[in-house]
Amino acid sequence: MTDRSSSNRPLVKLGFLTIGFFDEHDPIGGHESTLQIIELGEQLGFDSAWLRDRHLQFGISSPLAVLAAATQRTSRIELGTAVIPLGFENPFRLAEDLATVDVLSRGRLNPGISVGAPTHFEAIREHLYPDSWQNENFSHERAERLLANLRGETVSTFTGTEGIEAYSSRIQPFAAGLADRVWFGAAGLSSAAWAGEHALNLLSSSVVRAEEDDDFARIQRAQIDLFRSRHPLGDAARASQGLVVIPTDSASPEQAAKYRAYADGRFERTLTPQGPGRMLFAPDIVGSSTEIADALHAHAGFQAVDEVVFALPFSFEHEDYVQILTDIATRLAPLLGWAPAGA
């Protein structure tokens, strides 16, 4: 069994996450920037690029549509969603879209999902589910339906040919192996345990639920450990850590000042759990790659993983993301033991 407690363990997979922020009056700008950033990630050797999902906001609302475009502009980098909230989705139709993008990518899609009622559900329910909102099930059962669809289980009792039309009993296209690449975004212990019990992969982000502790790193580590204890693969089960890290090695003085101001403005929320759900945010880590590497090696959550999906800050300029990603791939990640595939 691999020893994941050592902070000297090399980083195996390097990924990044973006929200794809855009101007409401010029949405193509943000979407094109996102596609260019994914292309840059592949050029820099990143193993994966992930898109967040934002509804009724000025960030990407349809990550799969954007990733479908990215499949035609990349050839190697894995493409993920972090995460698609299933409360907004029909598991039948989503399975079709996921399988289609996986086929277009030739097996590079990593679907990340979560469950629960949609954000601000009472404000949108009449438009989202006008005839069924009272009966919608937003529990883990919704994820189980999606997983069954991706595994190719029967969804129709009608098969065969009708006239010149041929019909299948399972979702088409069928993308072999896609169900094994599903990741679950878990904020709390029960969700981490559920993900392990259902043999999924675990996405651990910069937001956790403070249930038994008020220290972010210890909470994240406890969730990862519980996930693996319930997973059929045990310690070999895949878990990825996601924090906001902003290296300043090649940043201009103006960029470095902006990055520190950004982190300072978000720091207070990291001091104590927030709201009735006791959500706890991780501090953004800003500094030289050496400083960030030291902080990560001392982080209990990071010590439990050998793959990461670093989140890009919201609302920065395109050139900022270019500098941050370049520093992560060329300066920070090598300090963590990572090397691009084939290097």
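The model shown is a predicted one. The protein contains 10 helices and 16 strands. Its radius of gyration is 20 Å, close to the 20 Å that the globule rule gives for 343 residues, and the protein is therefore as compact as a globular protein of that length.

Which strands pair with β1? One partner is β16, which runs parallel to β1 and is joined to it by five bridges. Within this pairing, Phe16 has Phe310 of β16 as its bridge partner. Another partner is β2, formed by residues 48–51, which pairs with β1 in the parallel sense over four bridges. Here Thr18 stands opposite Leu51 of β2. Together with α1, the strands β1 and β2 make a right-handed β-α-β unit. In a regular strand, the side chains alternate between the two faces of the sheet.

Attention may now turn to the open spaces. Rolling a probe the size of a water molecule over the atoms shows where empty space is left. The largest pocket holds about 1300 Å³ of space. It is lined by 44 residues, of which Arg52, Arg54, Val83, Ser114 and Val207 are the closest to its centre. Several elements give two or more residues to this lining, among them β9 (183–185), β10 (201–204), α8 (253–267) and β16 (307–311). By class, the lining of the largest pocket comprises 24 nonpolar, 14 polar and six charged residues.

The second largest pocket has a volume of about 260 Å³. Of the 17 residues that line it, Phe21, Phe22, Gly30, Ser33 and Phe316 are the closest to its centre. Helices α1 (27–44) and α10 (318–335) each supply at least two residues of this lining. Which element gives the most to the lining of the second largest pocket? It is α1, with five residues. The lining of this pocket divides into six nonpolar, eight polar and three charged residues.

Technical notes:
Residues numbered from 1 in each chain as written. Predicted model: local features only at pLDDT ≥ 70, side-chain atom pairs only at ≥ 80, totals over all residues. Heavy atoms only, no water. 1 Å grid on protein atoms, 1.4 Å probe; cavity = no way out; pocket = protein on both sides within 12 Å on 5 of 7 lines; lining within 4 Å. Points joined across faces, edges and corners; volume = space filled by probe spheres on them. Nonpolar A, V, L, I, M, F, W, Y, C, P; charged D, E, K, R; others polar. Pairing = 2+ DSSP bridges. Right-handed = clockwise from strand over helix to strand, strands pointing away. Rg over C-alpha atoms; globule rule 2.2 N^0.38 Å.
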